[in-house]
Amino acid sequence: MTSPKPKTIQTMKPETAAKKLGVLLSATPAEFQAGVVSRDELNELQSSPPAWLADLRRNGPHPKQVVAAKLGISISGLARGGITEPITTTEIDALKAENPAWLERERSIQAEARKEALRLKQR
């Protein structure tokens with residue numbers, strides 16, 4: 001009989017962990033940016049986020065995938081609209097209130113893409 005191998009701890013780079021947490025890496029604390037994150041640590045951060053993480057998720061600055069989701073458009077739509085830098089929740093809310101023509105256009109494009117995806121799925 002062979003003895004069981006010791007369980008290895010899965011780790012990830014801070015960039016990967018930040019993406020999974022939906023936050024901008026450059027806005028995280030230095031100790032988060034400098035180390036590696038284990039799967040258990042990531043699960044703990046997701047289940048009971050510390051104050052810095054809750055604040056980042058609430059106020060930003062947000063990475064482009066989060067900005068796009070909050071605006072209801074695609075990441076490409078963000079680029080077409082001229083949004084290339086991370087923005088805060090306040091800036092997202094201001095964009096929603098202003099509702100510029102490019103945002104309306106991108107939302108309609110996204111809605112059409114969703115309808116088409118649903119139509120293809122139902123085939």
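**Arg 119 and Glu 116**

I looked up Arg 119 and Glu 116 in helix H8: they sit three residues apart, about one helical turn. Helices here are DSSP runs (H or I, at least four residues), numbered from the N terminus. Their side chains meet in a salt bridge, 2.6 Å from N to O. I took a salt bridge as a side-chain nitrogen of Lys or Arg within 4 Å of a carboxyl oxygen of Asp or Glu. Arg 119 is partly exposed at 40% relative accessible area; Glu 116 is partly exposed at 35%. The classes are buried under 20%, exposed over 50%, partly exposed in between (1.4 Å probe, protein chains only).

**Model notes**

This is a predicted model: local features need pLDDT of at least 70, side-chain atom pairs count only at pLDDT 80 or more, and totals for chains, interfaces and linings use all residues. Residues are numbered from 1 along each chain as its sequence is written, and side-chain values use heavy atoms, without hydrogens and water.

**Other salt bridges**

I counted four salt bridges by this rule. Lys 115 pairs with Glu 112, closest N and O atoms 3.7 Å apart. Both lie in H8 (residues 101-121), three residues apart. Lys 115 is exposed at 55%, while Glu 112 is partly exposed at 48%. I also checked Arg 58 and Asp 55, whose closest N and O atoms are 4.0 Å apart. Both belong to helix H4 (residues 51-59), about one turn apart. Asp 55 is partly exposed, with 35% relative accessible area.

Definitions and conventions: Helices (H or I, at least four residues) and strands (E, at least two) are DSSP runs, numbered from the N terminus.
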